Amino acid sequence: MTESSPMLSREKIEQALGQIDDPHLGLDLVAAKAVRKIRIEGEHVAIDLCLPYPCARWADTFATTVRESLVSQAGVTDCAVNVSQEIIAHAVQQGVKRLENVKNIVAIASGKGGVGKSTTSANLALALAAEGATVGLLDADIYGPSQPRMMGLSGQPESTDGKSLEPKENYGIQTMSIGYLIDEETPMIWRGPMVTQALEQLLNDTRWRDLDYLLIDLPPGTGDTQLTLAQKVPLSGAIIVTTPQDIALLDARKGLKMFEKVDVPILGIVENMSTHVCSACGHEEPIFGAGGGQRMADEANVNLLGSLPLDLAIRKHADGGRPTVIAAPDGAIADAYREIARKSAAKLSMQAKDYSSKFPNIVIQNT
């Protein structure tokens, strides 16, 4: 190994890395414990970074940012930066058993219907997958399942053992919905306990395969079904979807407080339909109001993960079974979904870790 230049000391490089913030974590790289290895060989420096959230599409952009910062701050002239990711399981509510083969379950909720929660759920699942995560999507809306159509899927799921269901998959996303088991036009005339039991079966009897994240598209509202799920499903976090409209914000606050009462961390708020851009003239107008999502985030002391426009293409893509992240992956809206997905996962990565697998099972026997 070539002797390192005195100008390129490890301390100087670490100091420079300590000045570079990860925009999704809100921490510098040293504080975030993202620096895995620093190698100095003569004038050449190689940095290995490992981030705790999926970032495959963004990794090269961030590597360039880090490289440029090291050149300007530490005097490095020959630098290679490698960015990888490691997703781990995080803690859930006390007394709730974790789901096998699923690291993290995240609820996507709204207090009110019609705010675009299901469309947001589908696109966030696809965005996380685009960033390198293994993702599942559970459609928990028994009365109005919409994920089969949005994800371009139909037909009944297979069962290899007669007891469990194989998730139906498209675009790399493992999915399950009551919509696969009934006709699309059949109304579900069920009372609350039957709905709750059906959802628990869909969750627990599906053979999910090594998921980093399972997103649950919850039905709107804060009634018995939602509360029961929040208490019984092992959730690592929740995302609240709202529009800037005052009425939607009122109901979204109720959903947020419900998760707080059952000790589920709120990862943040997504403001949907924030502005409308006219497809004919390009005029932008906040037809549902402005700044409501940010005000709610400030009041609740949580993050505003991002804002999404009221755009005709989002609706067309979802109705056609090819959500925007798939239909227009290089567009601005897909970029917004991926940014929200990275921020959500980064916020989750800062929650308490799950150590249950580290402890042995203790069995007491009479001898």
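A search of the whole structure turns up 15 salt bridges, counted when a side-chain nitrogen of Lys or Arg is within 4 Å of a carboxyl oxygen of Asp or Glu. Bear in mind that this is a predicted model, where local features need pLDDT of at least 70 and side-chain atom pairs count only at pLDDT 80 or more, while totals for chains, interfaces and linings use all residues. Residues are numbered from 1 along each chain as its sequence is written, and side-chain values use heavy atoms, with hydrogens and water left out.

Select K117 and D217: their side chains meet in a salt bridge at 2.8 Å, N to O. The pair links distant parts of the chain, with K117 in helix 3 and D217 in strand 10, 100 residues apart. (Helices are DSSP runs of H or I, at least four residues, strands runs of E, at least two, numbered from the N terminus.) K117 and D217 are both buried, meaning under 20% relative accessible area, with exposed over 50% and partly exposed in between (1.4 Å probe, protein chains only).

Next, pick R36 and E86, a salt bridge at 3.1 Å, N to O. R36 lies in strand 3 and E86 in the loop between strand 5 and strand 6, so the pair ties together parts 50 residues apart in sequence.

Now show strand 11, residues 237–242. Six of its six residues are buried, so the strand is largely enclosed by the rest of the structure. Which strand runs parallel to strand 11 and is joined to it by five bridges? That's strand 12, where I269 stands opposite I240.

Definitions and conventions. Two strands pair if DSSP finds at least two bridges between them.
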